[in-house]
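Please consult the sequence and the three-dimensional view while reading.

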Amino acid sequence: MKLHAGLFTDPARNWLYVSAAIAVSLFVFAYSTRIGSASILIFYSVWLPVLIFPTGRLVQSPQHLLPFLLVPALAALSTLWSDRPDATLRAAIQWGSTVLLGLAAARVTSVPSLARGLLAGGLFVLIYSTLNGEYAYDVVDGTYAFAGAFSSKNQLGLFASITLIAAAYPLTNPRLAGWLWVVAAIAIGAFAAFTLIRTESATSLITVILAFAVILLALGVLRLPRLLRVMAVALGGVLFVLGLVAALNLGALDVLFSVFGKDSTLTGRTYLWSRGLEFAQTHQAFGLGYYSFWIPGRAEAEELWTEFHIEAQTGFHFHNTLIESYVGLGLVGVSLMAIWCLMLLGLPLVAMLQAQSRATAIVAGLSVLFLIRSLVEIDFFTPYTAGSFLVPWVLLHMIDSLRRTHSAPQHGTRTLPQSFPTARAATYGRPISQRG
């Protein structure tokens, strides 16, 4: 039996394969440290067909891949000056391969297929954690909270947030999604919201609220003509800045912190940031080497582990993506990571002005989610994490979508709404990959 390459690489035909691959990947990202290294092999194997079947889709517009490959390349290169080259090289290869597969997945996965995969994978992740039912001590917050099968409530909160955003996709166009997926999305979304509340994770609650605010804003803006979109986005930006300044002057930030049990130091995070900046200045240009700081035997790391009562000496970081990259890769690395963060902010805004598909709103929501979390987490700077896979996916997808939007008038085509791959979608008479 001969398998056609399109079943794996054509977004119009491969929805079953890529949805399953994303679901499996999400589960592996959640529990690879718990299940063991065999699960990592499963992650690689589910995406192997995308790499072995010949297609020009993966390497089209190679200049768009460059911003995402430079940072992992620098991480691998930092092996040359790292004082723990074994740890640096291994982690750089692992992180680089995660980013690379995220980029490959972006080229062969439509937003509906991504949403299906995240819904299914997120459901299994949350069920597993619910059955596990553990409460973990948060060394930064100094509290016990529901963490499920994770060591941190913020990590469980991340997967609940991703599942919630994926559940929103069929609700943006229920007629095209079909009643079955709408009902499933509502049920899974409610379960994800319940789990998120149980975690009492301020980071996750705040970021998912802001992500949904962006989703609603995008859905409203996408209904407007192009000229009015510019005015609406500009007005929204001005109002947000003015509201933020007024809130800070009126003490709203302190009220928000008190609601979530935080203080002005974000329960120790500002101290971690200051220490990270202090350490980074000793190797400003290129850093200590990727993944080489939090290693047993380094006096500065062991000092922080002791201060925050981390006996296992693993699973800790500076709780800020740019500071973590500054320590590991210096000014060069933090500059490259800053480009990722600027893209997470700028591309959704451009997409709101240019795109014609409601799928843009969900992708923008994921983008904002990871951008805000980067202030207090390192979701997309470590190997085998959902962020290191999804952030490249989100950014490259938006770049490719904008490129198609700009080129469509030249070919006499128009962009139609993206939908779930149902029989009803056939009424458009065009492949799913060209609808949005």
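The sections below describe the chain as a whole and then selected residues and pairs.

## Overall composition

The structure shown is a predicted model. Its secondary structure comprises 17 helices and 2 strands. The chain has 436 residues, of which 54% count as buried. When contacts between residues at least 6 apart in sequence are considered, 75% of them join residues at least 24 apart.

The accessible surface of the chain comes to about 19,000 Å², and carbon and sulfur atoms supply 69% of that area.

## A nonpolar surface patch

On the surface, a nonpolar patch is formed by L77, L80, W81, F286 and V332. Together these residues have about 470 Å² of accessible area.

## Salt bridges

Across the whole structure, 9 salt bridges are found. In one of them, the side chains of E134 and R34 meet with an N to O distance of 3.5 Å. This pair links distant parts of the chain, since E134 belongs to strand 1 (residues 134-138) and R34 to helix 2 (residues 15-35), 100 residues apart. E134 is partly exposed, with a relative accessible area of 38%, and R34 likewise counts as partly exposed at 38%.

A further salt bridge joins R107 and D400, whose closest N and O atoms are 2.6 Å apart. Here too the pair links distant parts of the chain: R107 lies in helix 5 and D400 in helix 17 (residues 386-407), 293 residues apart. Both R107 and D400 are buried.

## A salt-bridge network

R275 and E278 form a salt bridge through their side chains, at 3.6 Å from N to O. The two residues are both in helix 13 (residues 269-280), where they are 3 residues apart, about one turn of the helix. R275 counts as buried at 10% relative accessibility, whereas E278 counts as partly exposed at 44%.

This pair also belongs to a network of salt bridges that links R275, E278, E303 and E307.

## Aromatic pairs

A pair of aromatic rings is described by the distance of the centres and the angle of the planes. The whole structure contains 33 aromatic pairs. Among them is the pair of F8 and Y17, which is edge-to-face, with 4.9 Å from centre to centre and 80° between the planes. F8 counts as buried at 13% relative accessibility, and Y17 counts as buried at 15%. The rings of W340 and F380 have their centres 6.1 Å apart and their planes at 20°, and the pair is therefore stacked. W340 is in helix 15 (residues 321-354), while F380 is in the loop between helix 16 (359-373) and helix 17; the pair links distant parts of the chain, 40 residues apart. W340 is buried, with a relative accessible area of 0%, and F380 also counts as buried at 0%.

Ring pairs also link a cluster made up of F8, Y17, F29, F43, Y44, W47, F53, Y384 and F389.

N154 is found in helix 7 (residues 153-172). With a relative accessible area of 3%, N154 is buried, because the value falls under 20%. Apart from neighbours within four places in sequence, N154 is in contact with D138, S201, T203, S204, R269, R373 and E377.

S292 is situated in the loop between helix 13 and helix 14 (299-307). At 0% relative accessibility, S292 counts as buried. A polar atom of the S292 side chain lies 2.7 Å from the backbone oxygen of G289. Leaving aside neighbours within four places in sequence, the contacts of S292 are with S82, D83, R84, T88 and R298.

How values were computed:
Residues are numbered from 1 along each chain as its sequence is written. This is a predicted model: local features need pLDDT of at least 70, side-chain atom pairs count only at pLDDT 80 or more; totals for chains, interfaces and linings use all residues. Side-chain values use heavy atoms; hydrogens and water are left out. Helices (H or I, at least four residues) and strands (E, at least two) are DSSP runs, numbered from the N terminus. Buried means under 20% relative accessible area, exposed over 50%, partly exposed in between (1.4 Å probe, protein chains only). Contact means heavy atoms within 4.5 Å. Patches are made of residues with over 30% relative accessible area and no salt bridge: like charges are joined within 9 Å, nonpolar side chains (Val, Leu, Ile, Met, Phe, Trp, Tyr) within 5 Å. Accessible areas come from the Shrake-Rupley method with a 1.4 Å probe; for residues, only the protein chains shown count as cover. A salt bridge is a side-chain nitrogen of Lys or Arg within 4 Å of a carboxyl oxygen of Asp or Glu. A polar contact is a pair of N or O atoms within 3.5 Å; within protein, one must be able to donate a hydrogen and the other to accept it, and residues adjacent in sequence count only if both atoms are side-chain atoms. Rings of Phe, Tyr and Trp (its six-membered ring) pair if their centres lie within 6.5 Å; planes under 30 degrees apart count as stacked, over 60 as edge-to-face and the rest as tilted.
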